[in-house]
Amino acid sequence: MSESIPQFSPSDAQKDMAAGLRQAGCAVITGLTDEGQRQELRAELADHLAEAEFKTTEDSADFYPGRTRRVTALVTRSKTAQTLILDPCIKALCDEMLLPNCERHQLHVTAALEVGPGARAQTLHREEDPFAFFPLPRPNLIVATMWAISDFTADNGATLLVPGSHLWPEDRVHTPDEVVSAEMPAGSVLLWLGGTLHGAGANISKDSRYGVILTYSLGWLRQEENQFLDVPPEMAQQLSPELLEAIGYPMYNALGVYDPRVALGSEAPPVTTASHRDPI
Ligand SMILES: [Fe+2]
């Protein structure tokens, strides 16, 4: 028997959203972007998506299904994505879920996904699987978000989730009737915890499904997407301190020390925060 995905609107109390997310391991918040923002994002990424690889064959051994265009490095490629990364509602929920385990969370990975007709379903997995050091159920390490740029329906491959699976031990296997499709209108955001089983659904419709995935992790973990290469120092200098901190550029305690004379050709480090500490 499947649990449902809790649904919220931006005017709902933050504590209720956090409670729903904590209990089900996933939640949907409707109405976090408007049509204008979604059009802007589409325009910013259109050329990149057009150039992206599009496999017309399906290999069940591939982690990523075919017939899907995928573009990463969204901090560099999209001003709108930069705004979404800093969304205050999402930040508050990340604070709630991740700050018990770290002093600061960071952007973990970014991607725009256009899932075309005929794309198969993705194998269900946990975002925290790269951190296998921790036994299941793991402490909260990651919060993931999927921003619906188009409508997400069961037919066009809306994300599949197993609510409650973030609390399961290693030997608990899901049954087909425990899998739920995160149907949501464009403008909504699906959140899920790093321990929640999930994967892209199969697109059996005639249309593409467009989503943007932004995930966040504890500040002391290795990020899935290498922001130091995707956001090179010359570009980092143009970003706001708030965004730099969000993408994990500043030092985390003694982690991430660098020599500004090498990285930037200058004596003055451009990135310092209250948590910056001299490691020596
Ligand atoms: Fe995933």
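Residues count from 1 along each chain as its sequence is written. Because the model is predicted, local features need pLDDT of at least 70 and side-chain atom pairs count only at pLDDT 80 or more, while totals for chains, interfaces and linings use all residues.

**Exercise 1.** Work out which residues of helix α1 are buried and what they pack against.

Solution. Start with the terms: helices (H or I, at least four residues) and strands (E, at least two) are DSSP runs, numbered from the N terminus. A residue is buried if 20 or more other C-beta atoms lie within 10 Å of its own, exposed if 12 or fewer, and partly exposed in between, with C-beta atoms placed from the backbone. An α-helix has 3.6 residues a turn, so residues three or four places apart point the same way. Next, look at the partners: these buried residues pack against β1 (7-8), β2 (26-29), α5 (88-98) and β8, where contact means C-beta atoms, placed from the backbone, within 7 Å. Just after α1, G25 has a positive phi of about 80°.

**Exercise 2.** Find how strand β5 is covered and paired.

Solution. First check burial: 7 of the 7 residues of β5 (residues 142-148) are buried. I142, A144, M146 and A148 lie on one side, with V143, T145 and W147 on the other. Then go to the partners; two strands pair if DSSP finds at least two bridges between them. β5 runs antiparallel to β10 (residues 209-218), joined by 7 bridges, and W147 has V212 as its bridge partner there. With β8, β5 pairs antiparallel over 5 bridges, and V143 faces L193.

**Exercise 3.** Decide whether L197 is buried or exposed, and list what it touches.

Solution. Locate L197 first: the loop between β8 (189-193) and β9. L197 is buried, because 25 other C-beta atoms lie within 10 Å. Leaving out residues up to four places away in sequence, L197 touches L124, H125, R126, L161, V162, S165 and H174.

Conventions
Contact = placed C-beta atoms within 7 Å.
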